Amino acid sequence: MFKPKAIYYEKEIIDYSLGRELMEKYKEIPKIQIESHNNIEEMRKNPNKEFANMKRNLIIGVRKTHKFVENHKTSDFLVPYTSSGCIASCMYCYLVCNYNKCAYLRLFVNREKMLEKIIKTANKFDKDLTFEIGSNSDLILENTITNNLVWTIENFKNSDHGKLTFPTKFDMVDPILELDHQGKITVRMSVNPEEIINKVEFGTSRLDDRIVAINKLKEAGYNVGILIAPIILVDNWKDLYKELIKKLNLKLSNKVKKDVFFEMIFMTYSYVHTKINEEAFPNAINIYNKEIMTGRGKGKYCYKTDVRNEAKAFLIEQMNKYFNNNKIEYIV
Ligand code: SF4
């Protein structure tokens, strides 16, 4: 159970029932009032080595921007939802866009307004649009603090149109198993070889537990997908990913294997990540490899095209061997 070191809060949160609930829940925890969750001066001044420590705090505010972004992968829109950032510390986390304001967990208490906008947009269309609600945080993890996922599923089930989806790296799915979700929710479990989880995805659930969670979700009638992501080309990557795909085949239930779909994404990395990780996790492995990575503009790195193509061919071969009947939505 996550026990925050301190709560940073905007005073408006007490106008919302969730805000009052969280203040009561954490009444024993030291509190610091802030003007804006976007700009916490004392956090901004912290050196990189404080990165993991800063994630022990909880920031609670009101979300002001509600802009939907069109998407063409497994959803129609990326939607800013009830949280941003995370208390885990995956070394490549894409939310580390700006160390000062994106990494730690920020909770937004105006959930009614956010869900209402999704439902209104969904109902403007005859076809069921899919809304990605987990692109800024991990909602299975967030749910252990706010119960927001349970609230969302219960309040979305009667919407005439629309579907919701989110990815996760956590196994705490029990609170949503008994819910009447009306088949409107797709949970996409992100997996990596156990060795990579141990060395790179600090604070997330173990591989075996994630697999058990996928089986449970399917049993409870949820649509499930698997993200093999991010694929990290460490020295022994071929063995690791071959074993991973084999293990998935062995441990996933037949029900899951019948129609689970896959997404596969190669890791991208950045100069900001290298700076934070070298100071915050000095004993961790280095996942930036200049021999096989190349610049992609604005301090970003990705695997070189020929390296990626070789890896792609290998992974598709393994997928064809073990998941011949399942769809790979994309591999990028
Ligand atoms: S679990 Fe997801 S959101 Fe949290 S640190 Fe890892 S990649 Fe980032």
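Modeller: What follows is a set of questions about a predicted model, each answered by setting a value against its criterion.

Biologist: Why is helix 10 called roughly parallel to helix 13?

Modeller: Helix 10, residues 237–251, and helix 13, residues 305–322, pack at an angle of about 20 degrees, with their axes 10 Å apart. Angles under 35 degrees count as roughly parallel, and therefore helix 10 is described as roughly parallel to helix 13. The crossing of helix 10 and helix 13 is right-handed.

Biologist: Which residues make that contact, and how do they divide by class?

Modeller: Helix 10 contributes Lys 238, Tyr 241, Lys 242, Ile 245, Lys 246 and Asn 249, while helix 13 contributes Phe 314, Leu 315, Gln 318, Met 319 and Tyr 322. By class, the residues of this contact are six nonpolar, two polar and three charged.

Biologist: What makes helix 5 roughly perpendicular to helix 6?

Modeller: The axes of helix 5, residues 139–146, and helix 6, residues 148–156, cross at roughly 100 degrees and come within 6 Å. The range for roughly perpendicular runs from 65 to 115 degrees, so helix 5 is placed in that class relative to helix 6. The contact is formed by Leu 139, Ile 140, Glu 142, Asn 143 and Thr 146 of helix 5 with Asn 148, Leu 149 and Val 150 of helix 6, and its residues are four nonpolar, three polar and one charged.

Biologist: How do you know that Pro 80 is buried?

Modeller: Pro 80, in the loop between strand 5 (77–78) and strand 6 (83–84), has 20 other C-beta atoms within 10 Å. A residue is buried if that count is 20 or more, so Pro 80 qualifies as buried. Leaving aside its neighbours within four places in sequence, Pro 80 is in contact with Arg 63, Thr 65, His 66, Lys 67 and Asn 136.

Biologist: Why is Leu 95 called partly exposed?

Modeller: Leu 95 lies in the loop between strand 7 (89–90) and strand 8 (106–108), and 17 other C-beta atoms are found within 10 Å of its own.

Biologist: What makes Gln 182 partly exposed, and what makes Lys 298 exposed?

Modeller: Gln 182 has 13 C-beta neighbours inside 10 Å and therefore counts as partly exposed, whereas Lys 298, with 7 other C-beta atoms within 10 Å, is exposed. Gln 182 is found in the loop between helix 7 (174–177) and strand 11 (185–191), and has a positive phi of about 60 degrees although it is not a glycine. Lys 298 sits in the loop between strand 16 (293–295) and strand 17 (300–303), and its phi, near 50 degrees, is likewise positive in a residue other than glycine.

Biologist: Which residues touch the most other members of the largest nonpolar core?

Modeller: In this core of 80 residues, they are Ile 60, Met 189, Ile 214, Val 224, Ile 226, Ile 228 and Ile 231. Strand 13, residues 223–231, gives the most to the core, with six residues. Pro 230 is also in strand 13, and the peptide bond from Ala 229 to Pro 230 is cis, with omega near -15 degrees.

Conventions
Residues are numbered from 1 along each chain as its sequence is written. This is a predicted model: local features need pLDDT of at least 70, side-chain atom pairs count only at pLDDT 80 or more; totals for chains, interfaces and linings use all residues. A nonpolar core is a set of buried Ala, Val, Leu, Ile, Met, Phe, Trp, Tyr and Cys residues joined through C-beta atoms within 7 Å. A residue is buried if 20 or more other C-beta atoms lie within 10 Å of its own, exposed if 12 or fewer, and partly exposed in between; C-beta atoms are placed from the backbone. Helices (H or I, at least four residues) and strands (E, at least two) are DSSP runs, numbered from the N terminus. Axes are lines fitted to C-alpha atoms, for helices over the stretch in contact, and angles run from 0 to 180 degrees between N-to-C directions. Angles under 35 degrees count as roughly parallel, over 145 as roughly antiparallel, 65 to 115 as roughly perpendicular and the rest as oblique. A crossing is left-handed if the near helix is turned anticlockwise from the far one by less than a right angle, and right-handed if clockwise. Two residues are in contact if their C-beta atoms, placed from the backbone, lie within 7 Å. Ala, Val, Leu, Ile, Met, Phe, Trp, Tyr, Cys and Pro count as nonpolar, Asp, Glu, Lys and Arg as charged, and the others, Gly among them, as polar.
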